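Work through the following exercises with the sequence and the structure side by side. Each task is followed by a solution that goes step by step.

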Amino acid sequence: MLTQIKGLHHVTSMAANAQVNSDFFTKTLGLRRVKKTVNFDAPDVYHLYYGDEVGTPGSVMTYFPFPHIAPGRPGTGEVGETYFAIPKGSIDFWKGRLDTLGVKDINETEVFGEKRLRFSGPDKDGFSLVEVDSDKRDGWLHDDIGAAEAIKGFHGASMRLQDDGAMRELLGFMGYEKVDQKAEWTRFAIPGGNGADFIDLESLPQANAARQGAGSVHHIAFAVEDRAAQLEVRKALMDTGYQVTPVIDRDYFWAIYFRTPGGVLFEIATNEPGFDRDEDTAHLGEALKLPSRYEPHRSQIEETLSPIND
Ligand code: ZN
């Protein structure tokens, strides 16, 4: 069993419109845009990162806005909902705020003993704000969102699976422990995690497979401290029979990817070097940052991307 994984690192989804996406995460949810760059594999598309002040691993929601992408169709083999942690007692604030700002599908519920406010993102992305009592992480403060309300980072995520057997086994191998079970839901937690500690599996044997599109999660990334830990995880996964990519430099972290049996794409990402490696903390996410291989094409890339107003 692995001990290097410390919870989630980031969650990456697809959106239809960069401006709408940026406004939703920075203005409605009050996260900080910590990086404005491009998809390293397709530089005509933005890659936008939102999180806490410095984009601490476990707080980072990222998006590829593809201007002409069709809406996704929810189903199995994908991340269903991404959970953000909010302070105890703040759910009424958020309910009022999201309602006032026209957010869709707001629904207050209680799952695994936690108060949860479910809602949809601009592309029907599935989200929840979950009240968490003992979360010591500092959220990013916004004009009208104070420390008593601010999102602290991820709480976890759920996955919809036709057959969750292989995923249970994989999560166990990755160091997760089963901590609860309710009907078709099974909750896993990572001991000693970064706060983004929970994975809930929803077993849906009769459901159809998802079709990825706007609002779908593209992949979910798990955090390891450094490159040495990442290489240990990579070797262990490959020894177990997983096809894992080589280590890829994503400028702000190193990444490896592998497809899980249920269809969900997993990434293992390093906490090093972080989002402040090429920008001052005070100005994170303001300028368009490009990986060095695309710098020679900056003017062409800037012409292709529509500007985002803050
Ligand atoms: Zn990623």
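A salt bridge is a side-chain nitrogen of Lys or Arg within 4 Å of a carboxyl oxygen of Asp or Glu. This is a predicted model, in which local features need pLDDT of at least 70 and side-chain atom pairs count only at pLDDT 80 or more, while totals for chains, interfaces and linings use all residues. Residues are numbered from 1 along each chain as its sequence is written, and side-chain values use heavy atoms, with hydrogens and water left out.

**Exercise 1.** Find the salt bridge that Asp200 forms with Arg187, and state how far apart the closest N and O atoms are.

Solution. The closest N and O atoms of Asp200 and Arg187 are 2.8 Å apart. Finally, both Asp200 and Arg187 are buried; buried means under 20% relative accessible area, exposed over 50%, and partly exposed in between (1.4 Å probe, protein chains only).

**Exercise 2.** Are Asp239 and Lys235, whose side chains meet in a salt bridge, buried or exposed?

Solution. The N to O distance of this salt bridge is 2.7 Å. Asp239 and Lys235 are separated by about one helical turn, because they are four residues apart in helix α4 (residues 227-239). Both Asp239 and Lys235 are exposed.

**Exercise 3.** Which residues are linked with Arg187 and Asp200 in a network of salt bridges?

Solution. The network also holds Glu81, Glu114, Arg116 and Arg118.

Terms used:
Helices (H or I, at least four residues) and strands (E, at least two) are DSSP runs, numbered from the N terminus.
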